[in-house]
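Keep the 3D view open as you read.

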Amino acid sequence: MPGRYHIITYGCQMNVRDSETLAGLLESMGYRPADRPEDADVVLVNTCTVRESADERAYGRLGELRRLKQRNPGLVLGVAGCLVQKDREEVLRKVPHADLVFGVHNLHRLPELLRQVHEGCQRVYEVWDRRPKDEPLPALPAVRRGRVRAYVNVIHGCNKFCTFCIVPFVRGRERSVPPEQVVAEVRELAAQGFSEVTLLGQNVDSYGHDLRPRTDLADLLRQVHEVEGIRRIRFTTSHPRDMTEKLVRTVAELPKVCEHIHLPVQSGDDEVLRRMHRAYTVADYLRTVDLIRRFLPEASLTTDLIVGFPGETEEQFENTLRLVEQVGFDACNTAAYSPREGTKAATFPDQVDEQTKQRRLWALNQLAERVAYARNRALVGTVQEVLVEEVGRGGLLGRTRTNKVVTFHGPPGLVGQLVRVRIREAGSWVLRGEALREAVLAG
Ligand code: SF4
């Protein structure tokens, strides 16, 4: 039965990582990858629902795939991910041509669900509300893209319930992966030749509070740091409420852990933060920034920001602009607030009109770009350690320890190597440089 598969992924790094697991499960069944859905026997769409536009994109793509299914009735079309978890019956109604619909807690069941499809079940549907509490998180096979950097899930779900966010409803409560399981996965990646791992979690700084014996991210970083062959370690996403001095000191102390902290602030106004249920004030956030700058003066700091949250006044929005300027973020992921059904903020009566949201988003993006450019310009003339990831259009492409993208000319054989690069030009998003002679750093 096995043939070829193609996976279409929307959304965040967690979803990218889930798609790697889906690929791993399919390959363990004997399927091989296809570059295009047209060449595949199984097409899976792994959806995201963090914003309304993500829903629309997934439904749009699934609509297009109906034609492919008409041309090739033997094709198995599956829909997975957060949109399924949220919409359930609506997905069944809107995508009647899907053979298989399964939720985020059912990924590991893919082989069994596909078997049911092949045995002639009309439509296979399985969406668990949550994974059974006493069932351990299974170590599943995964197929990674490339051979340089890989994501490793260390904690699933979120307990925070920010009023704008759908994640706790679709991904469930926090569940940490036991440290020995994380370390085993990292060892396996090192054996496969990966140089860099990113420890992933919606709230990665909460890692370990639910494990017995209790542990934390700082201790996990120490264990991962021991794995031979791994040269760089990152982690994301941090929450300002959970970032501790112990964690920051640990990052500063361990040479393999890179100096980049992604610390979503969401707004620069205390009242908006309160209504978002973020559980910190702007002053708290700035104290954490000071802590990071004290122990990691070279670190880059990136963030997420939402404009047009319900009730956000012009003055409150300007407080966000002020904060961006004051902190000097290296990059900002920005978004206009998008109400998500089922979340508290979607019921707030004082929704901001679309035009105002878009105007604020434009102004914020202008400022964020200017601030990022200033940060990058300061690097011109410096020598950075770059891990080369791939051959891009403008030459080799890699990242600094601070997660800045650098392009430079060099032979393809440098992919996977740490190279010393002098930065010659800066843009807001990309740096250009040239490799130094004797550029390759020993492993
Ligand atoms: S911390 Fe807030 S924004 Fe982040 S995943 Fe949890 S609920 Fe969503």
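## Helices side by side

H9 passes H11 in a right-handed crossing; a crossing counts as right-handed if the near helix is turned clockwise from the far one by less than a right angle, and as left-handed if anticlockwise. Before going further, note that this is a predicted model, where local features need pLDDT of at least 70 and side-chain atom pairs count only at pLDDT 80 or more, while totals for chains, interfaces and linings use all residues. Residues are numbered from 1 along each chain as its sequence is written, and side-chain values use heavy atoms, leaving out hydrogens and water. The helix and strand labels are DSSP runs numbered from the N terminus (H or I, at least four residues, for helices; E, at least two, for strands).

Two packed helices are described by the angle between their axes and the distance between the axes. For H9 (residues 245-253) and H11, the angle is about 25° and the axes are 9 Å apart. The axes here are lines fitted to C-alpha atoms, for helices over the stretch in contact, with angles running from 0 to 180 degrees between N-to-C directions. That makes H9 roughly parallel to H11 (under 35 degrees is roughly parallel, over 145 roughly antiparallel, 65 to 115 roughly perpendicular, and the rest oblique).

Which residues in H9 and H11 meet? From H9 come Glu245, Val248, Arg249 and Ala252, and from H11 come Leu291, Ile292 and Phe295, where contact means heavy atoms within 4.5 Å. This contact of H9 with H11 divides into five nonpolar, no polar and two charged residues. For that sorting, Ala, Val, Leu, Ile, Met, Phe, Trp, Tyr, Cys and Pro are nonpolar, Asp, Glu, Lys and Arg are charged, and the others, Gly among them, are polar.

H9 also packs with helix H8 (residues 217-225), at an angle of about 20° and with the axes 9 Å apart. H8 is therefore roughly parallel to H9, but the crossing of H8 and H9 is left-handed. On the H8 side you'll find Leu217, Ala218, Asp219, Leu221 and Arg222, meeting Lys246, Leu247, Thr250, Val251 and Glu253 in H9. By class, the contact of H8 with H9 has five nonpolar, one polar and four charged residues.

Now go back to H11 (residues 282-295) and look at helix H12 (residues 314-327): the two axes come within 12 Å and cross at roughly 15°. H11 and H12 are therefore roughly parallel to each other, and their crossing is right-handed. Val282, Tyr285, Leu286, Val289 and Arg293 in H11 meet Leu323, Gln326 and Val327 in H12. Six nonpolar residues, one polar and one charged make up the contact of H11 with H12.

## Rings

A pair of aromatic rings is described by the distance of the centres and the angle of the planes. A search of the whole structure finds six aromatic pairs (rings of Phe, Tyr and Trp, the last by its six-membered ring, pair if their centres lie within 6.5 Å; planes under 30 degrees apart are stacked, over 60 edge-to-face, and the rest tilted). Phe161 and Phe169 form an edge-to-face pair, 5.3 Å centre to centre with 85° between the planes. Tyr285 and Phe329 have ring centres 6.4 Å apart and planes at 55°, so this pair is tilted. Because Tyr285 lies in H11 and Phe329 in the loop between H12 and strand E13 (331-336), the pair ties together parts that are 44 residues apart in sequence. Are Tyr285 and Phe329 buried or exposed? Both are buried, with buried meaning under 20% relative accessible area, exposed over 50%, and partly exposed in between (1.4 Å probe, protein chains only).

Most residues other than glycine have a negative phi, and most peptide bonds are trans. With that in mind, look at the bond from Arg212 to Pro213, which is cis with omega near 0°. Pro213 sits in the loop between strand E9 (196-201) and H8. Another cis bond joins Thr236 and Thr237, with omega about 10°, and Thr237 lies in the loop between strand E10 (232-236) and H9.

As for phi, Ala279 has a positive value of about 65° although it is not a glycine. Ala279 is in the loop between H10 and H11 and is partly exposed, at 44% relative accessible area. Gln266, also not a glycine, has a positive phi near 75°, and at 7% relative accessibility Gln266 counts as buried.
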